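Have a look at the picture first, and then read on for a guided tour.

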Amino acid sequence: MPYLIDTHCHINTLTSEEISALITRAKEASVHKMICVGASDGTQSSFDALEVSRRYPEVYCSIGIHPHDADTCEWSDALKNLIIHEKVLAVGETGLDFFKAWSDFEKQKELFRMTIQIAKEFSKPLIIHCRDAFSDCVKILKDENADKVGGVFHCFSGTADEAAQLSEINFLVSYTGTLTFKNAHTVRKEAAKIPLSQIMLETDAPYMAPEPHRGKKSEPAHVSLIAQVLAELHQVSPEYIAEVTTQNAYRLFHGLS
Ligand SMILES: [Zn+2]
Ligand SMILES: [Zn+2]
């Protein structure tokens, strides 16, 4: 059985015991690697994510500043210097969130542009968080020539047409547990039309728990449930989904071993 990768989770706030247990459960569900995305709550979370990835061979990480924090955080040299570490696979999550709008829109754009430049400087792909801001995100990615490093739009819920626009600028999409929600008709219909070569899987743990865990905390093991639904939508086997999505992750994240 080809293994799965959770390409986006936030497990840096958990205790060592909790992380060890979660990795065991993940492996039982064929999820053998995971990327702990540092940008979740201020800049300390990036330092914590790298620390977790140093302790566990199964865990990799990403360094960044969430658009929610655009008003209060900035790139320090110390934060930037983390990116060269071999366990750091990407820069992010970064992007624009005009839905929750917890930070000033102009500040978000400014931080996003700067983050793209940093990703290019270190030749690492970008993990994008985009809510209610698709055209602005794409415009900035194009302006800043982000196609040189590429990346992924995480927690994707857009259309196949939008995914095609992202493909042109070297970006993949990744699906969370929302794909498994019974009422997510549009997301599922669109996901069925997007080529598998452009899709990765993630949990965004502890958020977005898939059915039948909806409303509870998610964890990397749940990637297998998302794979199952994607397999049904594309009428292929879950093994094939594992093979293709894992290959896609290896293609994007060069530091994965
Ligand atoms: Zn996000
Ligand atoms: Zn996230």
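This is a predicted model: local features need pLDDT of at least 70, side-chain atom pairs count only at pLDDT 80 or more; totals for chains, interfaces and linings use all residues.

Residues are numbered from 1 along each chain as its sequence is written, chains are lettered from A and ligands numbered from 1 in the order in which they are written, and side-chain values use heavy atoms, with hydrogens and water left out.

## The sheet

Let us begin with the strands. Helices (H or I, at least four residues) and strands (E, at least two) are DSSP runs, numbered from the N terminus. Here eight strands make an open sheet with parallel pairing, in the order E1-E2-E3-E4-E5-E6-E7-E8. Two strands count as paired if DSSP finds at least two bridges between them. E1 and strand E8 (199-201) stand at the edges with a single partner strand each, so one side of each has no neighbour in the sheet. On average, neighbouring strands are turned by 30° against each other, direction ignored. Such angles are taken between axes, which are lines fitted to C-alpha atoms (for helices over the stretch in contact); they run from 0 to 180 degrees between N-to-C directions.

Three bridges join E3 to E4, and six bridges join E4 to strand E5 (residues 126-131). Across these pairings, Ser-62 stands opposite Ala-90 in E4, Val-91 opposite Leu-126 in E5, and Gly-92 opposite Ile-127 in E5. Helix H1 (residues 16-28) packs on the sheet, where it touches strand E2 (31-37) and strand E3 (59-63), and its direction makes about 135° with that of E2. Helix H4 (residues 105-121) also packs on the sheet, touching E4 and E5, with its direction at about 160° to that of E4. Contact here means heavy atoms within 4.5 Å.

How many residues of E4 are buried? Ten of the ten are, so E4 is largely enclosed by the rest of the structure. Buried means under 20% relative accessible area, exposed means over 50%, and partly exposed lies in between (1.4 Å probe, protein chains only).

Which residues hold the zinc ion (ligand 2)? Its protein donors are His-8 (NE2), His-10 (NE2), Glu-93 (OE) and Asp-204 (OD), at 2.1 to 2.4 Å. Donors are N, O and S atoms within 2.8 Å of the metal (3.2 Å for Na, K and Ca); water is not among the atoms, so sites may look incomplete. The angles among the four donor atoms are 85 to 176°, and the site is irregular.

The zinc ion (ligand 1) is coordinated by Glu-93 (OE), His-129 (ND1) and His-154 (NE2), at 2.0 to 2.1 Å. Along the chain, these donors follow the spacing E-x35-H-x24-H. Glu-93 coordinates both zinc ions, which are 3.6 Å apart. Glu-93 in strand E4 and His-154, in the loop between strand E6 (151-153) and helix H6 (160-168), are 61 residues apart. Both Glu-93 and His-154 are buried, and His-8 is buried as well.

## Nonpolar cores

A nonpolar core is a set of buried Ala, Val, Leu, Ile, Met, Phe, Trp, Tyr and Cys residues joined through side-chain atoms within 4.5 Å. The largest one has 72 residues, of which Leu-126, Leu-141 and Tyr-175 touch the most other members. Helix H8 (residues 223-234) gives the most to this core, with six residues. Apart from it lies another core of 14 residues, including Val-37, Ile-127, Val-152 and Leu-252.

Not counting residues up to four places away in sequence, Leu-141 touches several partners, among them Phe-112, Ile-116, Leu-126 and Phe-171.

His-234 is found in helix H8. His-234 counts as buried because its relative accessibility is 18%. Ser-167 lies in helix H6. With a relative accessible area of 41%, Ser-167 is partly exposed. From C-alpha to C-alpha, Ser-167 and Val-152 are 9.8 Å apart in space, and they are 15 residues apart in sequence.

Note on methods. Four donors count as tetrahedral if all angles lie between 85 and 135 degrees; four count as square planar and six as octahedral if opposite donors are over 155 degrees apart and all others between 65 and 115; anything else is irregular.
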